[in-house]
Amino acid sequence: MSSPTSSHAYGIGVIAILIGMSVSVIFYTSFYIPESLAKPSVSEHILNPEVDFIIEIVPGAVIDGNENYVPNQPKVLLGISNKVIWQNNDDTPHTVTPDHRASDAYSGDFGSSGVIKPGDSYEFLFTEVQEIPYHCEPHPWMTGTISIELSRF
Ligand SMILES: [Cu+2]
């Protein structure tokens, strides 16, 4: 027996289920998917590469025409040398600032926040293939490029 009241209740039940499903879909696409994309799973050997790759900011780097970031245009390999450390051995503070905004899906935005004081260093773990031209903010004639590449084995 179906009274008007029970079919009304049935209608509300169907609407509630539809709303529930829509909310689930919206939640999945708006929160769950971006969250899983935001935290890429990075293999263990990329998180713990074999060696630290050192780029020296050499003494006298501040002077235009001198060498500054050495090596200046290195290629580093994922899983081998993708952890890069800029070591400031000059007696002037410098920065490592990307020419254009650059970020790594795992490590976030690239670039020293503020200056690297003499004797200090800036390190960054790269987990993706990319090429980043960069410079020193106070001394824009100081430039370098870092390339991150796949290792061949
Ligand atoms: Cu500088």
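His45 lies in helix α2, which spans residues 44–47, where helices (H or I, at least four residues) and strands (E, at least two) are DSSP runs numbered from the N terminus. The structure is a predicted model, in which local features need pLDDT of at least 70 and side-chain atom pairs count only at pLDDT 80 or more, while totals for chains, interfaces and linings use all residues. Residues are numbered from 1 along each chain as its sequence is written. His45 is partly exposed because 13 other C-beta atoms lie within 10 Å; a residue is buried if 20 or more other C-beta atoms lie within 10 Å of its own, exposed if 12 or fewer, and partly exposed in between, with C-beta atoms placed from the backbone. Although His45 and Asn82 are 37 residues apart in sequence, their C-alpha atoms are 9.9 Å apart in space.

Strand β1 pairs with strand β4 (residues 83–88) in the parallel sense over six bridges, two strands being paired if DSSP finds at least two bridges between them, and Phe53 stands opposite Val84 of β4. Strand β1 is also joined to strand β2 (residues 69–70) by two bridges, in an antiparallel arrangement, in which Glu56 has Val70 as its bridge partner.

Strand β4 in turn runs antiparallel to strand β8, to which five bridges join it, with Ile85 partnered by Glu123 in β8. In β8 (residues 121–125), Tyr122 and Phe124 form a covered face, while Ser121, Glu123 and Leu125 form an uncovered one.
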